Amino acid sequence: MTKLIISDLDVKDKKVLVRVDFNVPIKGGVIGDDNRIVAALPTIQYIIDNGGKAILLSHLGRIKSDADKKELTLAPVAKRLGEVLKRPVTFVPANEGAAVEKAVADMKDGDVIVLENTRFQDIDNDFGKRESKNDPKLGAYWASLGDLYVNDAFGTAHRNHASNVGIATAMKAAGKQVAAGFLMEKEIKFLGNAVANPVHPFVTILGGAKVSDKIGVIMNLIPKSDHILIGGGMAYTFLAAQGHKIGKSLFEADKLDLAKKLLAEAGDKLVLPVDNIAATEFSNDASHEVVSDDIPDNEMGLDIGPKSIKKFKEVLKDAKTVVWNGPMGAFEMPNFAEGTLEVGRALADLKGATTIIGGGDSTAAAKKLGIAPKITHISTGGGASLEYLEGKTLPGIACISDK
Ligand code: AMP
């Protein structure tokens, strides 16, 4: 399905409501990482350059009490946006009511305003969580502020909220256009289309702590992938299913039968570690060794070993599409980071392949290595990217009009 994109719209003189994902790490008003603000710039700049007015809506964190409001105001985010955009940005300390309506009415072409955190609507009202439970009246109110609606918030695309689905529904009911922003377009192109119709060989790399978190992705991608490389804590339940001893490694007993079933069904499509770095404790200082076969009872696997790295690289070398989600080991500890870093390097070295990274830890590893510019697409959405890879329909994408 081809979605309407902001570049299909005539934004001149129009009030364009944009749902951005400004859910940045913030403490005491200090933004830890402004990646998500920077990622929203192409859409905002497009509206400015084409004579539209940008009204930005975003959530930030979770609001459970008034105390949270102080920490989770979007004021510092609006300030940072002004710095990176290099032009004035007006922050409105509300997202409903007379102050909002006046600020919108006063806008001139090229102006940008940021409304207060949409999740402030989650407390202090009869409906309950108006934003997070998608109060249709709230969506309709926000929709009334604009002529066009653009959803650029991939990070919340797996949510059915007033600021995405609610607004989109009300806009469409009013005969107004609903489009994807440029960031959303990129996420759909790579996590959606490239994975649904991959250029082969297509290799999926999965890691991270738990099998249970990735089952949906494994099931969806087994039929599409030529190979699925499995590392990280989740690999040990699969190794146990093959009859290996895994010592004190991470293990999900209730997933053992499923792991056996998947191994039987997927055959040698599933590629498991052939050696591991095993340690006596979950600590960087713990004594550790390369273990080629069974892991001793008093040790746990914390990274894939050198032979596994070689095997994984061998599989990767001819790949034309690669999706990577989850670290190959407890990579926060330098002694157990090599597998994750080597997989990152292998991706960066691929020529002529589409490489896609989803998930916070693999993204962090790519940044640590400085290889991010060599990766085709690094997803901005954690939960949303996993659900998309599971093949689910995301409400925040489904609500965008088709072309
Ligand atoms: P996830 O959020 O599921 O992607 O899991 C990421 C976490 O899994 C990271 O914090 C890693 O430290 C952890 N992890 C990866 N491999 C292992 C392992 N072999 N043993 C314990 N933890 C691991």
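Please keep in mind throughout that the model is predicted.

Are D254 and K255 buried or exposed? D254 is exposed, at 59% relative accessibility, whereas K255 is buried, with a relative accessible area of 16%. The cut-off for buried is under 20%.

As a general point, side chains of opposite charge can pair when their charged atoms come close. How many salt bridges does a search of the whole structure find? The search gives 22.

I turn next to D34, which forms a salt bridge with R80; their closest N and O atoms are 2.9 Å apart. D34 sits in the loop between strand 3 (30-31) and helix 1 (35-39), and R80 belongs to helix 4 (residues 75-85), so this pair ties together parts that are 46 residues apart in sequence. D34 is partly exposed, with a relative accessible area of 21%. R80 is partly exposed as well, at 23% relative accessibility.

The pair of R345 and E342 has another setting. Their salt bridge brings the closest N and O atoms to 2.6 Å. Both residues lie in helix 13 (residues 338-349), three residues apart, which is about one turn of the helix. R345 counts as partly exposed at 30% relative accessibility, while E342, at 14%, counts as buried.

Salt bridges can also be followed through a group of residues. Which residues are linked in a network of salt bridges? They are K12, D13, K53 and D109.

Let me now move to the backbone. In general, most residues other than glycine have a negative phi, and most peptide bonds are trans. Against that background, please look at H200 and P201, which are joined by a cis peptide bond with omega of about -5°. P201 is located in the loop between helix 8 (182-196) and strand 9 (202-206).

Two further residues deserve a look for their phi values. K86 is not a glycine, and yet its phi is positive, at about 60°. K86 is placed in the loop between helix 4 and strand 5 (90-92), and it is exposed, with a relative accessible area of 72%. N134, also a residue other than glycine, has a positive phi near 55°. This residue is found in the loop between strand 6 (112-115) and helix 6 (136-144).

Finally, I come to the domains. The chain is divided into domain 1 (6-184) and domain 2 (198-389). Taken over C-alpha atoms, the centres of domain 1 and domain 2 are separated by 36 Å.

What do domain 1 and domain 2 share at their interface? Nine residues of domain 1 are in contact with nine residues of domain 2. The size of an interface is often given as the accessible area lost when the parts come together. Here, domain 1 and domain 2 bury about 670 Å² between them, and 60% of that is on carbon and sulfur atoms. Across this interface there are zero salt bridges, and one residue pair is in polar contact. On the side of domain 1 that touches domain 2, helix 1 provides the largest share, with three residues. By type, the residues of that side divide into four nonpolar, three polar and two charged.

How values were computed
Residues are numbered from 1 along each chain as its sequence is written. This is a predicted model: local features need pLDDT of at least 70, side-chain atom pairs count only at pLDDT 80 or more; totals for chains, interfaces and linings use all residues. Side-chain values use heavy atoms; hydrogens and water are left out. A salt bridge is a side-chain nitrogen of Lys or Arg within 4 Å of a carboxyl oxygen of Asp or Glu. Helices (H or I, at least four residues) and strands (E, at least two) are DSSP runs, numbered from the N terminus. Buried means under 20% relative accessible area, exposed over 50%, partly exposed in between (1.4 Å probe, protein chains only). Domain bounds come from an automatic or database domain assignment. Contact means heavy atoms within 4.5 Å. Buried area is the accessible area (1.4 Å probe) that two parts lose on being put together, summed over both. A polar contact is a pair of N or O atoms within 3.5 Å; within protein, one must be able to donate a hydrogen and the other to accept it, and residues adjacent in sequence count only if both atoms are side-chain atoms. Ala, Val, Leu, Ile, Met, Phe, Trp, Tyr, Cys and Pro count as nonpolar, Asp, Glu, Lys and Arg as charged, and the others, Gly among them, as polar.
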